[in-house]
Amino acid sequence: MDVEKYLSKFYKTTENPTLDAMEFFMEEFNHPEQKLKFIHIAGTNGKGSCTEMLTNILIKSGYKVGKFMSPHLVKSTERMSVQNSDITYEEMGNLIKRIEPKIEKYQKKAKRKVTLFELETTMAMIYFAENNCDLVVLETGLGGLYDCTNIVNPLISVITSIGYDHMKVLGNTLVEIAEQKAGIIKENSDTVFALSDEKDVNEKIEQTCIDKYNKLHTVKKEDIKNYEYNQKYQKFDYKDYKGIIINLKGEKQIINASICIECVQILRNKFYEISDEALRSGLNTVIHKGRFEVVNQKPLMIFDGAHNKPAIENFIHSVDMYYKDASKVYIISILNSKDYDMILKNLLKDEKSVFIFTDGNNKESYVAKEELLKTAKKYTKNSNLYTYELEEAIDFVCENYEEDVVFFVGSFYIYGTVQMLLKEEKDD
């Protein structure tokens with residue numbers, strides 16, 4: 001079976017989500033989710049970083065850990081792994097063959113198509129159960145309340161942040177979005193939440209925890225002290241933990257690491273053995289692709305998939321932290337479903353840099369480069385604005401901006417294409 005071809009043709013939607021299909025599949029496969037222990041992670045941004053950090057800490061503590069995350073950057077197999085080793089195409093193909101008859105059965109009964117994410121989540125639950133994972137770090141896809149992953153009763157629910165994204169599905173206000181994210185909070189459990197600057201958002205999470213008899217653990221900015229950073233690492237104190245070092249870049253990662261420290265404390269109280277050495281090593285050695293990641297050295301190229309307002313603001317802050325005085329080039333690709341006007345308005349506050357607009361790697365899915373250029377001209381008088389195909393953009397910067405810092409920003413989904421094109425560039 002050509003798994004990628006099969007999945008590429010599978011039904012994709014986020015409209016009118018329910019948990020009906022997931023409940024059906026879990027019943028059909030004798031509830032694999034009930035055989036597992038979960039840390040369930042939701043949030044507008046920071047989910048992936050927390051998922052990677054916690055997985056790394058738990059593996060270093062000697063546990064067998066399943067990890068489920070999205071989106072994938074190159075291969076669909078990246079979405080589920082055990083001990084940070086991705087599922088194989090053969091294993092995925094075998095799972096699909098087992099699930100297909102159940103899909104047909106459900107579709108006849110429910111008269112609706114099963115979505116790609118329902119299939120992927122079902123595969124993950126079966127895969128983790130059959131691999132006898134001690135713990136599963138489970139990232140939501142979209143929202144929380146009606147997300148496919150929300151068929152679990154976790155040891156810990158984590159809400160990393162609340163911001164504007166996917167408003168058509170999650171709501172138009174931060175409180176409405178918070179209510180959706182809070183849907184992962186379950187009764188008689190623990191929740192970790194990084195406090196928002198919005199009082200109403202905090203109250204929504206707090207009230208949900210009260211209603212669910214759930215113990216809330218909050219991460220507050222004032223508990224983070226003695227922060228310092230350089231090109232190699234960030235260092236900080238969190239509560240009683242002194243000199244925590246993380247290798248992921250960007251100040252937001254300090255909040256994400258603090259969330260993980262809170263999770264470790266909860267797990268210890270539940271009699272999981274996690275040493276300080278495993279905690280520190282897990283945070284210091286984690287790899288998270290596509291998040292302010294250096295993908296090329298000459299010219300220096302950095303990939304960041306930021307595509308919503310909080311993520312773009314964090315991206316700009318990180319650029320200022322590390323490369324404020326450098327000459328910069330931005331290669332921008334934005335999906336049709338994203339607020340490209342907002343993204344460009346924020347990025348183009350940098351008046352001195354070069355901006356290259358592309359159609360991404362799929363003209364049907366991405367905002368046309370000509371439209372990006374037209375919109376950009378509303379916000380800047382900068383004459384260094386160009387439109388190129390993605391491959392042409394890479395050639396252009398390699399030939400003309402070897403001493404500059406080049407940023408790919410606006411979408412995760414060009415990551416694999418960028419890596420392939422950079423490899424070809426080196427081979428030429």
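Reply: Start with contact, which means heavy atoms within 4.5 Å. Note also that the model is predicted.

Me: Which residues does Val-329 touch on that definition?

Reply: Leaving out residues up to four places away in sequence, Val-329 touches Val-354, Ile-356, Val-397, Tyr-401, Asp-404, Val-405, Val-406 and Phe-407. Val-329 itself is in strand E14.

Me: Why is Val-329 called buried?

Reply: Buried means under 20% relative accessible area. Val-329 has 0% relative accessibility, so the residue counts as buried.

Me: Is Thr-122 buried or exposed, and what is in contact with this residue?

Reply: Thr-122 is at 0% relative accessibility and therefore counts as buried. This residue lies in helix H5, residues 116-130. Apart from neighbours within four places in sequence, Thr-122 is in contact with Met-22, Phe-25, Met-26, Phe-29 and Ile-99.

Me: What makes Phe-315 and Tyr-330 an edge-to-face pair?

Reply: The structure holds 25 aromatic pairs. In the pair of Phe-315 and Tyr-330 the centres are 6.3 Å apart and the planes stand at 75°, so the pair is edge-to-face. Phe-315 lies in helix H11 and Tyr-330 in strand E14, so the pair ties together parts that are 15 residues apart in sequence.

Me: How do you know that Phe-315 and Tyr-330 are buried?

Reply: The limit is under 20% relative accessible area. Phe-315 has 2% and is therefore buried. Tyr-330 has 4%, so this residue is buried as well.

Me: What kind of aromatic pair do Phe-315 and Phe-407 form?

Reply: Phe-315 and Phe-407 form an edge-to-face pair, with 5.7 Å from centre to centre and 85° between the planes. Phe-407 lies in strand E17 and Phe-315 in helix H11, so this pair ties together parts that are 92 residues apart in sequence. Both residues are buried.

Me: Which residues do ring pairs link into a cluster?

Reply: The cluster consists of Tyr-227, Tyr-229, Phe-292, Phe-315, Tyr-322, Tyr-323, Tyr-330, Phe-355 and Phe-407.

Me: What makes Lys-249 lie over the face of Tyr-322?

Reply: The distance part of the rule asks for NZ of Lys within 6 Å of the ring centre, and the direction part for a position within 35 degrees of the ring normal. Lys-249 lies over the face of Tyr-322 at 5.8 Å from the ring centre. Lys-102 lies over the face of Phe-29, at 5.7 Å from the ring centre.

Me: Which residues of helix H12 are buried, and what do they pack against?

Reply: Helix H12 spans residues 340-347, and its buried residues are Met-342, Ile-343, Leu-344, Asn-346 and Leu-347. They pack against helix H11 (309-323), strand E14 (328-332), strand E15 (354-357), helix H13 (369-376) and strand E17 (405-409).

Me: What lines the second largest pocket?

Reply: The second largest pocket is lined by 21 residues, and Glu-52, Lys-67, Asp-86, Ile-287 and Lys-289 lie nearest its centre. By class, the lining has 7 nonpolar, 7 polar and 7 charged residues. The space in this pocket is about 480 Å³.

Me: Which peptide bonds are noted as cis, and where do their prolines lie?

Reply: Most peptide bonds are trans. The bond joining Ser-70 and Pro-71 is cis, with omega about 0°. Pro-71 lies in the loop between strand E2 (65-68) and strand E3 (80-82). The bond from Lys-298 to Pro-299 is also cis, with omega near -5°. Pro-299 lies in the loop between strand E12 (293-297) and strand E13 (300-304).

How values were computed. Residues are numbered from 1 along each chain as its sequence is written. This is a predicted model: local features need pLDDT of at least 70, side-chain atom pairs count only at pLDDT 80 or more; totals for chains, interfaces and linings use all residues. Side-chain values use heavy atoms; hydrogens and water are left out. Buried means under 20% relative accessible area, exposed over 50%, partly exposed in between (1.4 Å probe, protein chains only). Helices (H or I, at least four residues) and strands (E, at least two) are DSSP runs, numbered from the N terminus. On a 1 Å grid over the protein atoms alone, a cavity is a set of points where a 1.4 Å probe fits but cannot get out, and a pocket is an open set with protein on both sides within 12 Å along at least five of seven lines; lining residues have an atom within 4 Å of a point. Grid points are joined across faces, edges and corners, and a volume is the space filled by probe spheres set on the points. Ala, Val, Leu, Ile, Met, Phe, Trp, Tyr, Cys and Pro count as nonpolar, Asp, Glu, Lys and Arg as charged, and the others, Gly among them, as polar. Rings of Phe, Tyr and Trp (its six-membered ring) pair if their centres lie within 6.5 Å; planes under 30 degrees apart count as stacked, over 60 as edge-to-face and the rest as tilted.
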